[in-house]
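Please read the following paragraphs with the structure open beside them, and find each part in turn as it is named.

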Amino acid sequence: MRPTTRHRGNQRAAELRARALRRLPGGVGSNVRLASATAFFARGEGARLWDVDGNEYIDYLLGQGPNFLGHAPPPVMAAVADACRNGIVYGAQHPLEVEAAERLCEVLRWPDMVRFGLSGTEMVQAALRLARAVTGRRKFISFEGHYHGWLDNVLVAVDGATPGPASAGQWPEHLADTVVLPWNDADLLADRIAEQGEEIAAVIMEPMMCNAGAIEPRDGFLPQVRRLCDAHGIVLIFDEVITGFRLAPGGAAERFGVVPDLATYGKAMAGGWPVSALAGRGDLMERFGSGAVNHSGTFNGSVMAAAATLATLDLLTSRPPYAAIADVGGALMAALPELGRDHDLPLRVQGVPAAFHVSFGPPDAVHDYRGLARLDGERYARLAEALQDHGVWVAPRGIWYVSAAHGDGELAQTLQRVAATLHEADPSWA
Ligand code: PMP
């Protein structure tokens, strides 16, 4: 366990860590959490977390995104508790599920139909299967640095010369139908589609790349992708698991004004409750309805999932947090590089107020994964650890998420804590 500089102690966490290591591989429940394996939290409320030793943090990771309304938002908790008193899962339909599907389509505006699931990973697979069924084609195009879950056909390592398996137990054959291109380059995509379009069922992307950096699409990129897909009968899938409800009520599709054929959602959709969705055009989604394409799941559309989704959508539409998030996130984006300059540090920020990325490097915008790889992410990862010790909970990979619960108090305190971190004598991240 690394020493803390500001915090009172870590004795309970150290004890739990030892126990966790015996019964949970790596002491964690998800490989993503190996990056924060020594952290054990006791409580989250609003924009703050408390660990098991009583140390308090302002949270900018938000459970990897879901806590867009802050931790434990009372209206969502109440809706879930009320709804499940009459049963949790029926293995059949129920009124809240229908209502949640109606509200989701209404808020997103473009889709006709929706299927609910549990994780983003599974909805991506449902989308790819549907696209293959509709087109009768096998291959799909994805992009360097984009994350679409941990399963065999989408988990790609792009560090080497050619994209390959990213996990032991995954074979190159698993990626035989996965075409991986640099993102944000419409000409490259057009060339590949000109060569191989007849074999391509789908193009899938994060419409703003948030799993590597926080990189917006270049002007005109998404409309060009839309045109190419239309011209070649390719299904366009937006993976909005992060961007959905975060960039706007209608996610990236609304913010950038480009409508996909299918889109996956999760995270911010339900105030932290575990639920995901695949939304899409009726003529495609009907293939699930006819039984031709299988998508199943015991816990799909559970009473709690539907209640949490509805309560969250109600909040997002009745009290939209977007302007306040733009203020707080925008202020952070402006202040962090300035604090860096005060200490002669090339601290750089890129993204949007609700999801931005911090690293060390030149201030010029980067537009793809290769550009991101040229920044000094390793040094930032060390700074992130120091920030955690000073009570700012951020991910080593550089992403900062801002929630509806972050206000001026959190902003001021965050900047104080960042300044204190940068003032450290003999810093570990220098
Ligand atoms: N797609 C994107 C864009 C994601 O960010 C994630 C998770 N970080 C997933 C898919 C997978 O979602 P889950 O972890 O819920 O399976």
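The model shown here is a predicted one. As an example of such a bridge, Ala355 has Tyr401 as its bridge partner in β16. The strands concerned, β14 and β16, pair in the antiparallel sense, and three bridges join them.

This pairing belongs to an open sheet of three strands, which follow one another in the order β13-β14-β16 with antiparallel pairing. Which strands form the edges of this sheet? They are β13 and β16, the latter covering residues 399–401, and each of these pairs on one side only. From one strand to the next, the twist of this sheet averages 25°. Helix α10, made of residues 322–342, packs on the sheet and touches β13, β14 and β16, while its direction makes an angle of about 165° with that of β13.

A second open sheet is built from seven strands, and here the order is β4-β12-β11-β10-β9-β5-β8, with mixed pairing. Its edge strands are β4, at residues 113–117, and β8, at residues 178–181, each of which pairs on one side only. The average twist in this sheet is 20° from one strand to the next. One of the residues to look for is Arg115, whose bridge partner in β12 is Leu278.

Domain 1 consists of two stretches, 11–68 and 321–422, whereas domain 2 is given as 74–318. Their C-alpha centres lie 25 Å apart, and the contact between the domains takes 20 residues from domain 1 and 20 residues from domain 2. Which elements give two or more residues to the side of domain 1 that touches domain 2? They are the strands β13 (347–352) and β14 (355–360), together with α11 (369–373). Sorted by class, this side of domain 1 has 11 nonpolar, seven polar and two charged residues.

Finally, the protein can be considered as a whole. Altogether, it has 13 helices and 16 strands. Its radius of gyration is 22 Å, close to the 22 Å that the globule rule gives for 430 residues, so the protein is as compact as a globular protein of that length. Taken along the principal axes, the box that its C-alpha atoms fill is roughly 60 × 55 × 45 Å.

Conventions: Residues are numbered from 1 along each chain as its sequence is written. This is a predicted model: local features need pLDDT of at least 70, side-chain atom pairs count only at pLDDT 80 or more; totals for chains, interfaces and linings use all residues. Two strands pair if DSSP finds at least two bridges between them. Helices (H or I, at least four residues) and strands (E, at least two) are DSSP runs, numbered from the N terminus. Axes are lines fitted to C-alpha atoms, for helices over the stretch in contact, and angles run from 0 to 180 degrees between N-to-C directions. Domain bounds come from an automatic or database domain assignment. Two residues are in contact if their C-beta atoms, placed from the backbone, lie within 7 Å. Ala, Val, Leu, Ile, Met, Phe, Trp, Tyr, Cys and Pro count as nonpolar, Asp, Glu, Lys and Arg as charged, and the others, Gly among them, as polar. The radius of gyration is taken over C-alpha atoms; the globule rule is 2.2 Å times the number of residues to the power 0.38.
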